[in-house]
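Subject: Structure handover

Hi,

Here is the structure I promised to pass on to you. Have a look at it first, then read my notes below.

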Amino acid sequence: MQTEKEDEDDASPEECFARSDFTGGGSDQLSFSSGDKLLVHAKPSSDWWWAELRGVRGYVPASYLRTGAAGEEEQEEEEEVEVDDDDTSLEDPWQDEEYFGSYGTLRLHLEMLSDKSRTEAYRQVIRSNSASLRNKVVMDLGCGTGIISLFCAQLAQPSVVYAVEASSMADYTRQLVKQNECEEVVTVLQGRAEEIELPEQVDVLVSEWMGNCLLFEFMVESVLLARDRWLREGGVMWPSSAALALVPCQADTYYAEKMAFWERPYGLDFTPLQPLAQQEFFTKPKFSHLIEPSDCLSAPCDVIYLDMYTLQVKDLEEIKGQFHFCVEKSGVFHGFTAWFTVHFESLETGGATVELNTGPNSEPTHWKQTLFMLDRPVSVYAGDSISGTIVLRRNPVWRRHMTVTLHWNINSTTEETDNCQANIKSVGTKSFPMWR
Ligand SMILES: N=C(N)NCC[C@H]1O[C@@H](n2cnc3c(N)ncnc32)[C@H](O)[C@@H]1O
(Lines give C-alpha, C1' and ligand atoms only; values in the text may rest on other atoms or scores of the structure.)
Protein backbone atom coordinates (compact mmCIF):
# COMPACT_ATOMS: atom_id res chain seq x y z
CA MET A 1 0.00 0.00 0.00
CA GLN A 2 3.00 2.33 0.44
CA THR A 3 3.56 4.75 -2.40
CA GLU A 4 6.85 6.26 -3.52
CA LYS A 5 6.03 9.35 -1.55
CA GLU A 6 5.68 7.52 1.74
CA ASP A 7 8.99 5.73 1.28
CA GLU A 8 11.17 8.74 0.84
CA ASP A 9 12.46 10.46 3.93
CA ASP A 10 11.12 13.99 3.78
CA ALA A 11 13.34 16.80 5.01
CA SER A 12 11.16 18.10 7.80
CA PRO A 13 8.32 15.91 9.05
CA GLU A 14 5.44 17.80 10.68
CA GLU A 15 4.93 17.39 14.43
CA CYS A 16 1.37 16.41 15.37
CA PHE A 17 -0.34 15.44 18.61
CA ALA A 18 -2.87 12.64 19.06
CA ARG A 19 -6.28 13.89 20.20
CA SER A 20 -7.42 10.44 21.15
CA ASP A 21 -6.26 6.79 21.35
CA PHE A 22 -6.20 4.87 18.05
CA THR A 23 -5.71 1.13 17.54
CA GLY A 24 -4.38 0.42 14.05
CA GLY A 25 -6.54 -1.94 11.94
CA GLY A 26 -4.25 -3.27 9.21
CA SER A 27 -0.56 -4.19 9.49
CA ASP A 28 0.37 -0.83 7.96
CA GLN A 29 -1.63 1.25 10.45
CA LEU A 30 0.07 2.83 13.45
CA SER A 31 -1.48 2.60 16.94
CA PHE A 32 -1.02 5.49 19.36
CA SER A 33 -2.37 7.01 22.59
CA SER A 34 -3.94 10.37 23.28
CA GLY A 35 -1.23 13.02 23.63
CA ASP A 36 1.44 11.07 21.68
CA LYS A 37 3.65 13.24 19.48
CA LEU A 38 3.85 11.84 15.95
CA LEU A 39 6.03 12.90 13.02
CA VAL A 40 3.98 13.19 9.82
CA HIS A 41 6.15 12.35 6.80
CA ALA A 42 3.51 12.38 4.07
CA LYS A 43 -0.17 13.16 3.53
CA PRO A 44 -1.18 10.84 0.65
CA SER A 45 -4.85 11.62 1.27
CA SER A 46 -6.96 13.96 3.37
CA ASP A 47 -8.09 11.03 5.53
CA TRP A 48 -4.86 9.00 6.05
CA TRP A 49 -1.33 10.30 6.71
CA TRP A 50 2.04 8.49 6.77
CA ALA A 51 3.54 9.06 10.23
CA GLU A 52 6.15 7.84 12.66
CA LEU A 53 5.99 7.11 16.39
CA ARG A 54 9.07 6.03 18.31
CA GLY A 55 10.81 4.89 15.11
CA VAL A 56 7.85 2.90 13.72
CA ARG A 57 6.03 4.20 10.65
CA GLY A 58 2.51 3.55 9.44
CA TYR A 59 -0.82 5.07 8.36
CA VAL A 60 -2.76 7.17 10.87
CA PRO A 61 -6.26 8.74 10.58
CA ALA A 62 -5.71 12.47 10.03
CA SER A 63 -8.80 13.40 12.04
CA TYR A 64 -7.23 11.85 15.16
CA LEU A 65 -4.34 14.36 14.99
CA ARG A 66 -4.02 17.96 16.00
CA THR A 67 -1.42 19.89 14.02
CA GLY A 68 0.26 22.92 15.57
CA ALA A 69 -0.46 24.28 19.02
CA ALA A 70 -3.24 22.82 21.13
CA GLY A 71 -6.59 24.38 20.43
CA GLU A 72 -5.71 25.67 16.96
CA GLU A 73 -8.82 24.42 15.20
CA GLU A 74 -10.14 25.26 11.78
CA GLN A 75 -12.90 27.84 11.91
CA GLU A 76 -15.94 25.68 12.64
CA GLU A 77 -18.76 25.86 10.14
CA GLU A 78 -21.85 27.59 11.65
CA GLU A 79 -24.20 24.63 12.11
CA GLU A 80 -27.61 23.87 13.50
CA VAL A 81 -26.19 22.13 16.55
CA GLU A 82 -23.83 24.29 18.56
CA VAL A 83 -20.35 22.82 18.75
CA ASP A 84 -17.47 24.42 20.51
CA ASP A 85 -13.81 24.42 19.58
CA ASP A 86 -12.30 25.26 22.89
CA ASP A 87 -10.04 22.78 24.63
CA THR A 88 -12.78 21.14 26.66
CA SER A 89 -14.35 19.77 23.47
CA LEU A 90 -11.04 18.07 22.58
CA GLU A 91 -11.59 15.66 25.46
CA ASP A 92 -15.25 15.02 24.65
CA PRO A 93 -15.70 13.64 21.14
CA TRP A 94 -19.48 13.82 21.62
CA GLN A 95 -19.21 17.50 22.57
CA ASP A 96 -22.11 16.80 24.90
CA GLU A 97 -21.80 20.03 26.83
CA GLU A 98 -22.39 22.11 23.71
CA TYR A 99 -24.82 19.64 22.14
CA PHE A 100 -27.17 19.35 25.12
CA GLY A 101 -26.54 23.00 25.93
CA SER A 102 -28.03 23.94 22.57
CA TYR A 103 -31.11 21.86 23.39
CA GLY A 104 -31.46 23.54 26.77
CA THR A 105 -32.69 26.70 25.04
CA LEU A 106 -35.92 27.12 23.07
CA ARG A 107 -34.42 27.95 19.64
CA LEU A 108 -34.12 24.37 18.35
CA HIS A 109 -37.31 23.19 20.08
CA LEU A 110 -39.25 26.08 18.54
CA GLU A 111 -37.85 25.09 15.13
CA MET A 112 -38.89 21.46 15.60
CA LEU A 113 -42.32 22.27 17.04
CA SER A 114 -42.97 24.82 14.28
CA ASP A 115 -42.35 22.04 11.75
CA LYS A 116 -45.97 20.96 11.25
CA SER A 117 -45.11 18.15 8.81
CA ARG A 118 -42.79 16.55 11.37
CA THR A 119 -44.92 17.07 14.45
CA GLU A 120 -48.24 16.13 12.81
CA ALA A 121 -46.63 12.91 11.49
CA TYR A 122 -45.87 11.86 15.09
CA ARG A 123 -49.35 12.88 16.20
CA GLN A 124 -50.82 10.77 13.36
CA VAL A 125 -48.74 7.77 14.52
CA ILE A 126 -50.16 8.07 18.05
CA ARG A 127 -53.71 8.75 16.89
CA SER A 128 -53.79 5.85 14.42
CA ASN A 129 -52.44 3.44 17.05
CA SER A 130 -54.35 4.79 20.03
CA ALA A 131 -56.32 1.60 20.70
CA SER A 132 -53.21 -0.59 20.61
CA LEU A 133 -51.33 1.79 22.89
CA ARG A 134 -53.78 1.04 25.75
CA ASN A 135 -51.84 -0.17 28.84
CA LYS A 136 -48.57 -0.14 26.91
CA VAL A 137 -45.23 1.02 28.35
CA VAL A 138 -43.70 3.70 26.11
CA MET A 139 -40.29 5.39 26.07
CA ASP A 140 -39.98 8.77 24.34
CA LEU A 141 -36.23 9.10 23.76
CA GLY A 142 -34.97 12.66 23.55
CA CYS A 143 -38.44 14.01 24.30
CA GLY A 144 -37.40 17.68 24.28
CA THR A 145 -40.49 19.63 25.38
CA GLY A 146 -42.35 16.30 25.64
CA ILE A 147 -44.72 16.87 22.71
CA ILE A 148 -44.81 13.19 21.68
CA SER A 149 -45.37 12.06 25.28
CA LEU A 150 -48.20 14.57 25.65
CA PHE A 151 -49.77 13.25 22.43
CA CYS A 152 -49.61 9.73 23.91
CA ALA A 153 -51.32 10.83 27.14
CA GLN A 154 -53.89 12.94 25.28
CA LEU A 155 -54.82 10.58 22.42
CA ALA A 156 -54.26 7.15 23.94
CA GLN A 157 -54.22 5.38 27.30
CA PRO A 158 -50.71 3.90 27.73
CA SER A 159 -49.95 2.71 31.24
CA VAL A 160 -46.86 4.93 31.37
CA VAL A 161 -44.66 7.05 29.09
CA TYR A 162 -41.04 7.50 30.18
CA ALA A 163 -40.07 10.85 28.66
CA VAL A 164 -36.25 10.88 28.63
CA GLU A 165 -34.40 14.14 28.01
CA ALA A 166 -30.73 14.78 28.69
CA SER A 167 -30.76 18.59 28.45
CA SER A 168 -31.90 21.08 31.07
CA MET A 169 -35.14 21.37 29.09
CA ALA A 170 -36.30 18.38 31.18
CA ASP A 171 -37.17 20.73 34.07
CA TYR A 172 -39.59 22.59 31.83
CA THR A 173 -40.90 19.38 30.33
CA ARG A 174 -42.02 18.33 33.82
CA GLN A 175 -43.88 21.65 34.14
CA LEU A 176 -45.56 21.13 30.74
CA VAL A 177 -46.65 17.61 31.76
CA LYS A 178 -48.18 19.04 34.95
CA GLN A 179 -49.65 22.05 33.15
CA ASN A 180 -51.46 19.70 30.74
CA GLU A 181 -52.58 17.33 33.53
CA CYS A 182 -50.61 14.37 32.16
CA GLU A 183 -48.51 13.56 35.20
CA GLU A 184 -50.57 10.40 35.81
CA VAL A 185 -49.17 8.90 32.62
CA VAL A 186 -45.97 10.77 31.75
CA THR A 187 -42.82 10.44 33.87
CA VAL A 188 -39.99 12.77 32.87
CA LEU A 189 -36.46 11.42 33.43
CA GLN A 190 -33.47 13.69 32.94
CA GLY A 191 -30.36 11.99 31.62
CA ARG A 192 -28.84 10.28 28.62
CA ALA A 193 -31.13 7.51 27.43
CA GLU A 194 -28.25 5.04 27.29
CA GLU A 195 -27.39 5.77 30.93
CA ILE A 196 -30.69 6.28 32.79
CA GLU A 197 -32.40 3.45 34.66
CA LEU A 198 -36.00 2.55 33.84
CA PRO A 199 -38.06 0.44 36.26
CA GLU A 200 -39.16 -1.87 33.43
CA GLN A 201 -38.76 -2.82 29.77
CA VAL A 202 -40.83 -0.89 27.24
CA ASP A 203 -43.30 -2.04 24.59
CA VAL A 204 -42.72 0.96 22.31
CA LEU A 205 -39.57 3.05 21.84
CA VAL A 206 -40.52 6.27 20.03
CA SER A 207 -37.98 8.98 19.21
CA GLU A 208 -37.49 11.86 16.83
CA TRP A 209 -33.75 11.40 16.34
CA MET A 210 -33.22 12.30 12.69
CA GLY A 211 -30.59 14.90 11.87
CA ASN A 212 -29.62 16.66 8.67
CA CYS A 213 -28.87 14.13 5.96
CA LEU A 214 -30.58 11.66 8.33
CA LEU A 215 -27.57 10.84 10.52
CA PHE A 216 -25.85 14.10 11.48
CA GLU A 217 -25.69 14.38 15.31
CA PHE A 218 -25.66 10.54 15.39
CA MET A 219 -28.41 10.55 18.00
CA VAL A 220 -29.39 7.29 16.33
CA GLU A 221 -26.59 5.60 18.31
CA SER A 222 -28.40 6.44 21.55
CA VAL A 223 -31.64 5.04 20.11
CA LEU A 224 -29.94 1.73 19.25
CA LEU A 225 -28.29 1.47 22.68
CA ALA A 226 -31.62 2.17 24.38
CA ARG A 227 -33.34 -0.37 22.09
CA ASP A 228 -30.87 -3.07 23.07
CA ARG A 229 -31.26 -2.25 26.75
CA TRP A 230 -34.94 -1.39 27.21
CA LEU A 231 -37.10 -2.60 24.30
CA ARG A 232 -38.78 -5.88 25.22
CA GLU A 233 -38.76 -8.83 22.86
CA GLY A 234 -41.31 -8.09 20.15
CA GLY A 235 -41.44 -4.39 21.09
CA VAL A 236 -41.95 -1.70 18.46
CA MET A 237 -39.52 0.93 17.22
CA TRP A 238 -40.96 4.25 16.00
CA PRO A 239 -39.61 5.05 13.44
CA SER A 240 -39.37 1.41 12.35
CA SER A 241 -37.15 2.17 9.34
CA ALA A 242 -35.38 5.08 7.66
CA ALA A 243 -34.16 5.66 4.10
CA LEU A 244 -31.79 8.23 2.61
CA ALA A 245 -32.83 9.39 -0.87
CA LEU A 246 -30.55 11.00 -3.47
CA VAL A 247 -31.11 12.74 -6.79
CA PRO A 248 -28.81 14.51 -9.32
CA CYS A 249 -30.00 18.09 -9.57
CA GLN A 250 -29.66 21.55 -10.97
CA ALA A 251 -28.87 24.34 -8.50
CA ASP A 252 -28.84 27.37 -10.79
CA THR A 253 -29.68 29.95 -8.17
CA TYR A 254 -27.12 28.72 -5.66
CA TYR A 255 -24.47 28.39 -8.37
CA ALA A 256 -25.22 31.91 -9.66
CA GLU A 257 -25.06 33.38 -6.15
CA LYS A 258 -21.82 31.75 -5.10
CA MET A 259 -19.86 31.16 -8.32
CA ALA A 260 -21.19 32.97 -11.40
CA PHE A 261 -21.36 36.14 -9.32
CA TRP A 262 -17.58 36.61 -9.67
CA GLU A 263 -17.66 36.70 -13.47
CA ARG A 264 -18.73 40.33 -13.94
CA PRO A 265 -19.58 42.13 -10.68
CA TYR A 266 -20.06 45.84 -11.50
CA GLY A 267 -18.48 45.26 -14.93
CA LEU A 268 -15.25 43.92 -13.48
CA ASP A 269 -13.65 40.50 -13.92
CA PHE A 270 -13.39 38.82 -10.50
CA THR A 271 -12.95 35.28 -11.85
CA PRO A 272 -9.58 34.79 -10.02
CA LEU A 273 -11.73 34.51 -6.89
CA GLN A 274 -13.69 31.52 -8.22
CA PRO A 275 -11.27 28.87 -6.89
CA LEU A 276 -11.68 30.51 -3.48
CA ALA A 277 -15.47 30.47 -3.88
CA GLN A 278 -15.40 26.78 -4.78
CA GLN A 279 -13.34 26.01 -1.68
CA GLU A 280 -15.43 28.18 0.64
CA PHE A 281 -18.96 27.44 -0.59
CA PHE A 282 -18.82 24.00 -2.27
CA THR A 283 -16.52 22.02 0.04
CA LYS A 284 -19.12 21.29 2.69
CA PRO A 285 -22.72 20.22 2.10
CA LYS A 286 -25.38 22.91 2.19
CA PHE A 287 -27.90 22.16 4.91
CA SER A 288 -31.44 23.49 4.67
CA HIS A 289 -31.44 23.60 0.89
CA LEU A 290 -34.89 23.67 -0.70
CA ILE A 291 -34.85 21.86 -4.01
CA GLU A 292 -37.73 22.32 -6.48
CA PRO A 293 -39.08 19.14 -8.11
CA SER A 294 -38.16 20.79 -11.44
CA ASP A 295 -34.49 20.89 -10.31
CA CYS A 296 -34.36 17.09 -10.26
CA LEU A 297 -32.62 15.72 -13.36
CA SER A 298 -33.98 12.22 -12.82
CA ALA A 299 -36.23 10.26 -10.51
CA PRO A 300 -34.68 10.05 -7.02
CA CYS A 301 -33.71 6.74 -5.51
CA ASP A 302 -33.21 5.43 -1.97
CA VAL A 303 -29.48 4.81 -1.59
CA ILE A 304 -29.41 3.77 2.06
CA TYR A 305 -32.00 1.82 4.05
CA LEU A 306 -31.88 1.41 7.84
CA ASP A 307 -33.93 -1.25 9.60
CA MET A 308 -34.26 0.03 13.18
CA TYR A 309 -34.68 -3.49 14.53
CA THR A 310 -31.48 -4.95 13.11
CA LEU A 311 -29.20 -1.90 12.69
CA GLN A 312 -26.14 -2.09 14.97
CA VAL A 313 -24.04 0.76 16.34
CA LYS A 314 -20.94 -0.64 14.61
CA ASP A 315 -22.80 -0.41 11.27
CA LEU A 316 -22.88 3.38 11.70
CA GLU A 317 -19.09 3.69 11.18
CA GLU A 318 -19.45 3.30 7.42
CA ILE A 319 -22.67 3.05 5.44
CA LYS A 320 -22.53 2.53 1.68
CA GLY A 321 -25.10 2.89 -1.06
CA GLN A 322 -25.23 2.69 -4.83
CA PHE A 323 -27.21 4.63 -7.39
CA HIS A 324 -28.07 4.63 -11.08
CA PHE A 325 -30.00 7.62 -12.38
CA CYS A 326 -31.41 7.94 -15.89
CA VAL A 327 -31.36 11.60 -16.88
CA GLU A 328 -34.92 12.45 -17.89
CA LYS A 329 -34.33 15.98 -19.15
CA SER A 330 -31.32 17.87 -20.41
CA GLY A 331 -29.88 20.40 -18.03
CA VAL A 332 -26.90 21.33 -15.90
CA PHE A 333 -25.76 18.77 -13.32
CA HIS A 334 -24.66 21.02 -10.42
CA GLY A 335 -24.72 18.39 -7.71
CA PHE A 336 -26.70 15.87 -5.69
CA THR A 337 -29.47 16.54 -3.22
CA ALA A 338 -30.24 14.18 -0.33
CA TRP A 339 -33.16 13.84 2.06
CA PHE A 340 -34.73 11.13 4.21
CA THR A 341 -37.98 9.31 4.76
CA VAL A 342 -38.93 7.44 7.93
CA HIS A 343 -41.73 4.90 8.38
CA PHE A 344 -43.76 4.03 11.47
CA GLU A 345 -45.24 0.55 11.33
CA SER A 346 -48.68 -0.01 12.85
CA LEU A 347 -49.04 -1.70 16.22
CA GLU A 348 -51.92 -3.63 14.65
CA THR A 349 -51.05 -6.37 12.21
CA GLY A 350 -51.86 -5.12 8.75
CA GLY A 351 -52.50 -1.61 10.05
CA ALA A 352 -51.51 1.40 7.97
CA THR A 353 -47.89 2.57 8.07
CA VAL A 354 -47.29 6.28 8.65
CA GLU A 355 -44.60 7.97 6.54
CA LEU A 356 -42.64 11.18 7.17
CA ASN A 357 -41.02 12.21 3.88
CA THR A 358 -38.68 15.23 3.88
CA GLY A 359 -38.25 15.26 0.09
CA PRO A 360 -39.14 17.91 -2.52
CA ASN A 361 -42.54 16.39 -3.29
CA SER A 362 -43.69 16.60 0.34
CA GLU A 363 -44.53 19.49 2.63
CA PRO A 364 -41.24 21.21 3.51
CA THR A 365 -39.81 20.36 6.93
CA HIS A 366 -37.23 22.16 9.08
CA TRP A 367 -34.61 19.71 7.75
CA LYS A 368 -35.37 20.79 4.17
CA GLN A 369 -32.81 18.94 2.00
CA THR A 370 -28.98 18.70 1.84
CA LEU A 371 -27.15 19.87 -1.30
CA PHE A 372 -23.76 18.46 -2.35
CA MET A 373 -22.24 20.75 -5.03
CA LEU A 374 -19.80 19.41 -7.59
CA ASP A 375 -16.64 21.47 -8.13
CA ARG A 376 -17.67 22.06 -11.73
CA PRO A 377 -21.15 21.70 -13.26
CA VAL A 378 -21.59 19.29 -16.16
CA SER A 379 -24.14 19.54 -18.96
CA VAL A 380 -26.20 16.36 -19.19
CA TYR A 381 -28.80 15.27 -21.73
CA ALA A 382 -31.91 13.16 -21.66
CA GLY A 383 -30.81 9.57 -22.03
CA ASP A 384 -27.52 10.02 -20.18
CA SER A 385 -27.06 8.03 -17.00
CA ILE A 386 -25.35 8.95 -13.72
CA SER A 387 -24.27 5.98 -11.64
CA GLY A 388 -21.99 5.54 -8.68
CA THR A 389 -21.71 5.17 -4.93
CA ILE A 390 -22.27 7.15 -1.76
CA VAL A 391 -20.40 6.42 1.49
CA LEU A 392 -21.29 7.96 4.85
CA ARG A 393 -18.18 7.60 7.02
CA ARG A 394 -18.57 8.50 10.67
CA ASN A 395 -15.84 10.72 12.06
CA PRO A 396 -13.63 8.50 14.26
CA VAL A 397 -12.96 11.37 16.66
CA TRP A 398 -15.91 13.80 16.46
CA ARG A 399 -18.65 11.27 16.99
CA ARG A 400 -21.56 13.44 15.93
CA HIS A 401 -19.91 14.22 12.57
CA MET A 402 -19.36 12.34 9.32
CA THR A 403 -17.95 12.66 5.83
CA VAL A 404 -20.09 11.94 2.78
CA THR A 405 -18.11 10.67 -0.23
CA LEU A 406 -19.78 10.56 -3.63
CA HIS A 407 -18.32 8.82 -6.66
CA TRP A 408 -20.11 9.06 -10.02
CA ASN A 409 -19.80 8.17 -13.71
CA ILE A 410 -21.76 9.99 -16.38
CA ASN A 411 -22.52 7.77 -19.35
CA SER A 412 -23.65 9.56 -22.44
CA THR A 413 -25.59 7.92 -25.23
CA THR A 414 -25.64 11.04 -27.39
CA GLU A 415 -22.37 12.92 -27.13
CA GLU A 416 -19.08 11.88 -28.72
CA THR A 417 -16.91 10.78 -25.82
CA ASP A 418 -13.21 10.13 -25.58
CA ASN A 419 -13.76 6.86 -23.76
CA CYS A 420 -15.36 4.70 -26.43
CA GLN A 421 -15.41 1.50 -24.36
CA ALA A 422 -17.82 2.52 -21.64
CA ASN A 423 -19.07 5.59 -23.38
CA ILE A 424 -18.19 7.41 -20.17
CA LYS A 425 -18.44 11.16 -20.57
CA SER A 426 -16.99 11.99 -17.18
CA VAL A 427 -16.06 10.48 -13.81
CA GLY A 428 -16.02 12.32 -10.53
CA THR A 429 -15.47 11.81 -6.82
CA LYS A 430 -15.76 14.23 -3.93
CA SER A 431 -15.75 14.00 -0.12
CA PHE A 432 -17.89 16.42 1.87
CA PRO A 433 -17.03 16.84 5.57
CA MET A 434 -20.06 17.29 7.82
CA TRP A 435 -18.49 19.21 9.45
CA ARG A 436 -15.05 18.11 10.63
N1 LIG B 1 -32.06 15.77 15.55
C2 LIG B 1 -32.96 15.68 16.52
N3 LIG B 1 -34.15 15.16 16.36
N4 LIG B 1 -32.61 16.14 17.70
C5 LIG B 1 -33.52 16.04 18.84
C6 LIG B 1 -32.67 15.95 20.00
C7 LIG B 1 -33.45 15.99 21.33
O8 LIG B 1 -33.16 14.78 22.00
C9 LIG B 1 -32.33 15.03 23.12
N10 LIG B 1 -31.33 13.96 23.13
C11 LIG B 1 -30.41 13.67 22.17
N12 LIG B 1 -29.67 12.60 22.52
C13 LIG B 1 -30.16 12.19 23.73
C14 LIG B 1 -29.82 11.13 24.61
N15 LIG B 1 -28.84 10.26 24.31
N16 LIG B 1 -30.53 10.98 25.75
C17 LIG B 1 -31.52 11.85 26.05
N18 LIG B 1 -31.88 12.89 25.27
C19 LIG B 1 -31.21 13.05 24.11
C20 LIG B 1 -31.73 16.41 22.89
O21 LIG B 1 -31.38 17.02 24.12
C22 LIG B 1 -32.90 17.11 22.20
O23 LIG B 1 -33.87 17.56 23.13
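A residue counts as near a molecule if one of its heavy atoms lies within 4 Å of it. There are 19 residues around the ligand, and Glu165, Ala193, Glu194, Glu208 and Met210 come nearest.

Before you go on: this is a predicted model, so local features need pLDDT of at least 70 and side-chain atom pairs count only at pLDDT 80 or more, while totals for chains, interfaces and linings use all residues. Residues are numbered from 1 along each chain as its sequence is written, and side-chain values use heavy atoms, with hydrogens and water left out.

Back to the ligand. What about polar contacts (pairs of N or O atoms within 3.5 Å)? A ligand nitrogen lies 3.2 Å from a backbone N or O atom of Ala166. On the side-chain end, an N or O atom of Glu217 is 3.1 Å from a nitrogen atom of the ligand, and Ser222 also has a side-chain N or O atom 3.1 Å from a ligand nitrogen. On its own the ligand has 510 Å² of accessible area (Shrake-Rupley method, 1.4 Å probe), and the protein covers 98% of that.

Now the rings. Two aromatic rings pair if their centres lie within 6.5 Å; planes under 30 degrees apart are stacked, over 60 edge-to-face, and the rest tilted (for Trp, take the six-membered ring). The whole structure has 20 such pairs. One of them is Trp50 with Tyr59, edge-to-face at 4.9 Å centre to centre and 65° between the planes. Both Trp50 and Tyr59 are buried, meaning under 20% relative accessible area with a 1.4 Å probe, protein chains only (exposed is over 50%, partly exposed in between).

Phe323 and Phe325 are stacked, with 5.2 Å between centres and 25° between planes. Why is Phe323 called buried? Because its relative accessibility is 5%. Phe325 counts as buried too, at 1%. Phe323 and Phe325 also belong to one aromatic cluster with Phe333, Phe336 and Trp408.

Cheers

Technical notes: A polar contact is a pair of N or O atoms within 3.5 Å; within protein, one must be able to donate a hydrogen and the other to accept it, and residues adjacent in sequence count only if both atoms are side-chain atoms.
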